[in-house]
Amino acid sequence: MTSAIVHERRQLTGLAYRLLGSLSEAEDVVQEAFGRWYALPAPQREAIESPGAWLTTVASRICLDQLGSARVRRERYVGEWLPEPVPEDPLADPADRVALAESVTMAFLVVLDAMTPAERVAFVLHDVFGYPFAEVAAILDRSAAACRQLASAARRRVRVAREPAPARAGVVRAFKTAWEAKDIDGLIGLLDPEATLTADGGGLAAAVLRPVEGRERIVRYAVGLAARVSAMTLAEHPVNGRPGLVVRQGGAVVAVLAFDVDGDSIRRVWAVRNPEKLRRWQAAA
């Protein structure tokens, strides 16, 4: 029984991360769910036929509560909020690398964040993890038909946003090279005319408070930043399983960039600057 419970930890963390967009908060949720499990009297635990299902229900409900309060916290958040990016650890054991490979992309997490809490839970549980609507209904305390409608609405959001094809490493590498060289023409050629850049500083690091729209404005911002920031270095690194860039200054990670690439054009850039969301990257560095 204990080995079966421990085996659930990775899946629960993946579920909570998709629901909350924060790996640190996801780990707290999983810890609380396990705490509730071990707080049960032994006879009660032994009577539960599916510990995994029990833990999923508890973790999902904790996430649902947090999603409701998160909307209030976002109203006080300084600037744009972006999901916490996840680094790939080349020294991790194979099981951990498999868990990381199953992490969702930044683009998908951004779409999830635009959903209502109920839509998000219904969609992630059913469409991502394959839970039947009857079980989703028990978690959300709604009818199976209502949960089916929630997931359908969420699915439409995903289709409208269109999850991009995997970002080509060559395009991200070309962006890095052009940015380092302050090559304005090169950067413009890599960006879609209607590209957007969204930065998240959380009030703890300098960042634009609103999305930068249009490739010319993005290029001016990027080149100006490179000129102002001394000793800035760029390194290619997977971000949530897709090609991305890590920005360092004085050896410290000061930003992580994720990209949405369509063909040879970059449509969206997400720059996470909030140091609270970069702690894992500092440790990896």
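Buried means under 20% relative accessible area, exposed means over 50%, and partly exposed lies in between (1.4 Å probe, protein chains only). This is a predicted model: local features need pLDDT of at least 70, side-chain atom pairs count only at pLDDT 80 or more, and totals for chains, interfaces and linings use all residues. Residues are numbered from 1 along each chain as its sequence is written, and side-chain values use heavy atoms, without hydrogens and water. Helices (H or I, at least four residues) and strands (E, at least two) are DSSP runs, numbered from the N terminus.

**The sheet**

- Six strands make an open sheet with mixed pairing, in the order β2-β1-β6-β5-β4-β3. Two strands pair if DSSP finds at least two bridges between them.
- The edges are β2 (212-213) and β3, each of which pairs on one side only.
- β1 (residues 191-200) runs antiparallel to β2, with two bridges. Here L197 is opposite V212 of β2.
- Helix α12 (residues 215-228) packs on the sheet and touches β1, β2 and β3. Its direction makes about 50° with that of β1. Axes are lines fitted to C-alpha atoms, for helices over the stretch in contact, and angles run from 0 to 180 degrees between N-to-C directions.
- Helix α10 lies across β1, β3, β4, β5 and β6 (265-272). It runs at about 170° to β3.

**Two hairpins**

- β3 (residues 232-239) and β4 (residues 242-249) are antiparallel and share eight bridges. L234 faces V247 of β4 as its opposite residue.
- Two residues separate β3 from β4 in their hairpin. In that turn, N240 has a positive phi of about 55°.
- β4 also pairs with β5 (residues 252-262), antiparallel, over six bridges. V247 has A255 as its bridge partner in β5.
- The hairpin of β4 and β5 also has two residues between its strands. G250 there has a positive phi near 60°.

**Helix pair α2 and α4**

- α2 (residues 23-39) packs against α4 (residues 51-76) at about 135°, and the axes are 9 Å apart.
- The two helices are therefore oblique to each other. Angles under 35 degrees count as roughly parallel, over 145 as roughly antiparallel, 65 to 115 as roughly perpendicular, and the rest as oblique.
- The contact (heavy atoms within 4.5 Å) involves E25, V29, E32, A33, F34, R36 and W37 of α2. From α4 come P51, W54, L55, V58, A59, I62, C63, Q66 and R73.
- By class, the contact residues are eleven nonpolar, one polar and four charged. Ala, Val, Leu, Ile, Met, Phe, Trp, Tyr, Cys and Pro count as nonpolar, Asp, Glu, Lys and Arg as charged, and the others, Gly among them, as polar.

**F133 and its contacts**

- F133 is in helix α8 (residues 133-140). It counts as buried because its relative accessibility is 10%.
- Beyond its neighbours within four places in sequence, F133 contacts H126, A144, C147, R148, A151 and R155.

**Positive phi in loops**

- Most residues other than glycine have a negative phi.
- D141 has a positive phi near 60°. It sits in the loop between α8 and α9 (144-161), and its 71% relative accessibility makes it exposed.
- K182 has a positive phi near 55°. It lies between α10 (169-180) and α11 (184-190). At 39% relative accessibility, K182 is partly exposed.
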